[in-house]
Amino acid sequence: MKKFVTLSLALALAAQLHADNLQIFRCSDEGIPGQTEPQLMGFSISANGRYVCGAIEQAAGVFTADCLTGEVKWMLGGDYGSELRDVDDKGLAIGFIDYDGVLFSFDSGEASIIKAPTGVRYVQGESLSNDGTVMVGSFTGQSFNTEAAYSVSGQPWHTLPLPTDEELGELKTNLNRMSAAKFVSADGKVIAGYLGSFRFPTVWTMDANGEYVSDFFPARFVKAVEADRNDPVKELYGISALYTCMSNNGKYFATIGLVANDDNTDTRIVPIVYNTQEKTLKVYKDIQEIDEMELGLYPSAIADDGTFIGTVSTPADPEGNFGAFIMRAGQEQAEWFVDVFPAFAETFGEADLLGQNIPTGLSADGKHILGYAYYSDDYDVTSAAPAYFLTYVISLEENGIDQMEYAVQSVPETVYSIDGRKVRHMTKGLNIIRNSDGSIVKVIRK
């Protein structure tokens, strides 16, 4: 593999780097029966960074892995799809196989069905507390309507309360009665999910009596009617329930929102982080230097200190993933993965440059980063299609270093368009440059 220099050609001074280690997971050396390569999509990493879980490509099966030993346990199955969505600190994962919610134990390598209450079609398992005692997800009825639900210490599952009409405010006209729980905090006291058909995100917090109460925060920050236009507290013109994540401590809940541009003629997508304890909203309004095409930063996971990761992309264009980013806590500008993590860039740099890398998880302390990317031993930007998925974990060393290095300037040798075509010179939009020294850089020309 070539060593990638991932800075803009105009820069002579390299970005700060982390000392990182890269771990890659395969089902086995022999692969999966009936498949030429093990195609693993890692979806979640435990709070302590030891276990990961996810699905085999196209939801054809499920897997868990132990980052300490490198061992992977997996099973095929499910005519209608299978996924593991979350895993606790002991290797117990939750998800679904076909229409049944399941728990999958790394120790036994076996799945057990989550029994649905009477009158419920099945339980959709979504998330676990650190010790696995609190489980959250949703009930699916005969009509496939969903209701947010939870279970504590193996007791029967119960639904979570919906906000009152007063709590919903003017947004209630945009909602139906559906809901789902997607995340639970380490101690089980904070649950996050959505209302409606992925219409608005919401939070439930446990009160002094041990009861969950709703906190429908979008009603306080989204402009729903014309009278809200000049309300300084209501900064958002919209908010998404699709691109959500919550920190392990339950303090931070991240997603995307819509803010007006400077002249109020249009809106743009920005990441937002809701503080569930202080009930405040952080809106990342600054134009991002890495997002020169103004697509949007889409969070996928957030650590306990507020650091979050995700992709620079747009939902309107499935080919519009331009790479992975990290927004460090306390910063206002995001950075490319390939500029921050050299070991990752060495192996997956080209896949990331082409938008074929998906970061999905963070350990509680932010030192272990999960994702999956396309990969092949002879990967090339001109390849018609990449070979297969690999799940990876980036682990930062305890004494991770911040170092400044001078990048060697290279002469552009070959220019490719975003779809992999060789072109004579750089064009408007994203250009992928292969330099004479073998390095790869990404340049956006307006």
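A contact here means heavy atoms within 4.5 Å. On that basis, residues 24 or more positions apart account for 48% of the contacts in the protein chain with a separation of 6 or more.

A word on the source. This is a predicted model, where local features need pLDDT of at least 70 and side-chain atom pairs count only at pLDDT 80 or more, while totals for chains, interfaces and linings use all residues. Residues are numbered from 1 along each chain as its sequence is written, and side-chain values use heavy atoms, with hydrogens and water left out.

The protein chain has four helices and 33 strands. Both are DSSP runs numbered from the N terminus, helices being H or I with at least four residues and strands E with at least two. Of the 446 residues, 55% count as buried. Buried means under 20% relative accessible area, exposed over 50%, and partly exposed in between, using a 1.4 Å probe and protein chains only.

Strand 6 and strand 7 (residues 92-97) run antiparallel and are joined by five bridges. Val 87 stands opposite Ala 93 in strand 7.

Now the cores. A nonpolar core is a set of buried Ala, Val, Leu, Ile, Met, Phe, Trp, Tyr and Cys residues joined through side-chain atoms within 4.5 Å. Which residues have the most contacts inside the largest one? They are Phe 325, Phe 337, Phe 341, Phe 344 and Ile 394, in a core of 34 residues. Among the elements that each supply at least two residues of this core are helix 3 (337-340), helix 4 (342-353) and strand 29 (388-396). Apart from it lies another core, of 33 residues, including Leu 175 and Met 246.

Phe 337 is in contact with residues including Ile 309, Phe 325, Phe 344, Tyr 392 and Ile 394, leaving aside neighbours within four places in sequence.

On to the rings. The whole structure has 18 aromatic pairs. Rings of Phe, Tyr and Trp (its six-membered ring) pair if their centres lie within 6.5 Å; planes under 30 degrees apart count as stacked, over 60 as edge-to-face and the rest as tilted. Phe 217 and Tyr 274 have ring centres 4.1 Å apart and planes at 10°, so this pair is stacked. The two are 57 residues apart, with Tyr 274 in strand 21 (residues 267-275), and both are buried.

Why is the pair of Phe 344 and Phe 348 tilted? Their ring centres are 5.8 Å apart and their planes lie at 40°, so the pair counts as tilted. Both residues lie in helix 4, four residues apart, about one turn of the helix. Ring pairs link Phe 337, Phe 341, Phe 344, Phe 348 and Tyr 392 into a cluster.

Last, Ser 185. Is it buried or exposed? Ser 185 is buried, with a relative accessible area of 0%. It lies in the loop between strand 14 (179-184) and strand 15 (190-195).

Methods
Pairing = 2+ DSSP bridges.
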